[in-house]
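Please keep the sequence and the three-dimensional view at hand while reading.

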Amino acid sequence: MAEETLEPTLQNILDQKSLKWIFCGGKGGVGKTTTSCSLAIQLASCRESVLLISTDPAHNLSDAFGQKFSKEATKVNGFDNLSAMEIDPTSAIQEMVEQSDSNGMMGSMMQDLAFAIPGVDEAMSFAEIMKHVKSMEYSVIVFDTAPTGHTLRFLSFPTVLEKALGKLSALSGRIGPMISQMTSLMGGQADAPEDMFAKLESMRAIITEVNTQFKDPEKTTFVCVCISEFLSLYETERLVQELTQYEIDTHNIVVNQLLFPRQSSNCEHCQVRHNMQQKYLREAHELYDEFFHIVQLPLLTEEVRGPQKLKEFSKMLVTPYSPAA
């Protein structure tokens, strides 16, 4: 195997104090949640305050820490400066719709207008999340994202929303006054459309700012999590390509669930699996050694659940794991 050029740990993320947004993503079932929780725990030891957000509808943070989290940031038991929250993008959009319904016919008309643009509903909920997060003062925010496809859509939302809001703003300039007249004739609030457009405009400002930050390698990075199998490696390569397309920095790959059978072991199944994993691990090194920190994590005999076990596991992100002989 070629000599490793970058150290096989995530210490580089802990050392980069300018980082504000850290995403953990990959295929389903590869250990994203365990990795993001462990990374958040390590960050909590060297940064002032850390927020861990799950945007995966199948919220696993509560299961991982053994503590119930909601859409409000909640302190994680056993930590002073680590909070967690679970957001369901679809329910966020639902709430927004209900709020705008108070504008009656006007609200529903604007809603139909807005949602006629593809991807806008999810993008709006993303904007709500960002607005919420920006109002909170955290040094660094770790995202435990939904499986790959959703993650990439999530990262393209700023662009989708910017385009949509651009169209709506242009439209509002042209038909705003007419709508105002119609609304006041029908006994509604004459300034309802202005309110709606002002809200959209403020959202656009947030999205643009966040978009700029996401593309800044000083502020944002993406940790790819995978297992040493063909499909997962293939998915990781696709993820790396797409992140490059979105201009989002990525230089860390976590390879999870690696088998290290003891030399005295005569389990044929373990040996065959170990050889297969090593083959794909070699491929990963050939592909990524030059630009990526490749972190290797073992398959454990028990689940990593609860703050104590996560703390123990998180140490392997910064101190390379060495299997027992």
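## Contacts, salt bridges and a helix pair

Apart from its neighbours within four places in sequence, Q16 is in contact with R47, P217 and E218, where contact means heavy atoms within 4.5 Å. The model is a predicted one, in which local features need pLDDT of at least 70 and side-chain atom pairs count only at pLDDT 80 or more, while totals for chains, interfaces and linings use all residues. Residues are numbered from 1 along each chain as its sequence is written, and side-chain values use heavy atoms, with hydrogens and water left out.

Q16 is found in the loop between α1 (11–15) and β1 (21–25). Helices (H or I, at least four residues) and strands (E, at least two) are DSSP runs, numbered from the N terminus. With a relative accessible area of 19%, Q16 is buried. Buried means under 20% relative accessible area, exposed means over 50%, and partly exposed lies in between, with a 1.4 Å probe and protein chains only.

Salt bridges are the next topic. Side chains of opposite charge can pair when their charged atoms come close. A salt bridge is a side-chain nitrogen of Lys or Arg within 4 Å of a carboxyl oxygen of Asp or Glu. How many salt bridges does the structure hold? There are four salt bridges in the structure, including those in the table.

| Salt bridge | N to O distance |
|---|---|
| E229 and R273 | 2.5 Å |
| K309 and E302 | 3.8 Å |
| K315 and E312 | 3.0 Å |

E229 is partly exposed at 27% relative accessibility, and R273 is partly exposed at 30%. In the other tabulated pairs, K309 is partly exposed at 38%, K315 is partly exposed at 44%, and E312 is partly exposed at 45%.

The helices α9 (residues 230–245) and α10 (residues 268–288) have axes that come within 10 Å and cross at roughly 15 degrees. This makes α9 roughly parallel to α10. Angles under 35 degrees count as roughly parallel, over 145 as roughly antiparallel, 65 to 115 as roughly perpendicular and the rest as oblique. The axes are lines fitted to C-alpha atoms, for helices over the stretch in contact, and the angles run from 0 to 180 degrees between N-to-C directions.

Which residues bring α9 and α10 together? F230, L233, T236, E237 and V240 in α9 meet Y280, E283, A284 and Y288 in α10. By class, this contact of α9 with α10 has six nonpolar, one polar and two charged residues.

The backbone also deserves attention. Most residues other than glycine have a negative phi, and most peptide bonds are trans. E247, which is not a glycine, has a positive phi of about 60 degrees. E247 belongs to the loop between α9 and β7 (252–258) and is exposed at 52% relative accessibility. Q257, also a residue other than glycine, has a positive phi near 60 degrees. Q257 lies in strand β7 and is partly exposed at 28% relative accessibility.

Key: Nonpolar A, V, L, I, M, F, W, Y, C, P; charged D, E, K, R; others polar.
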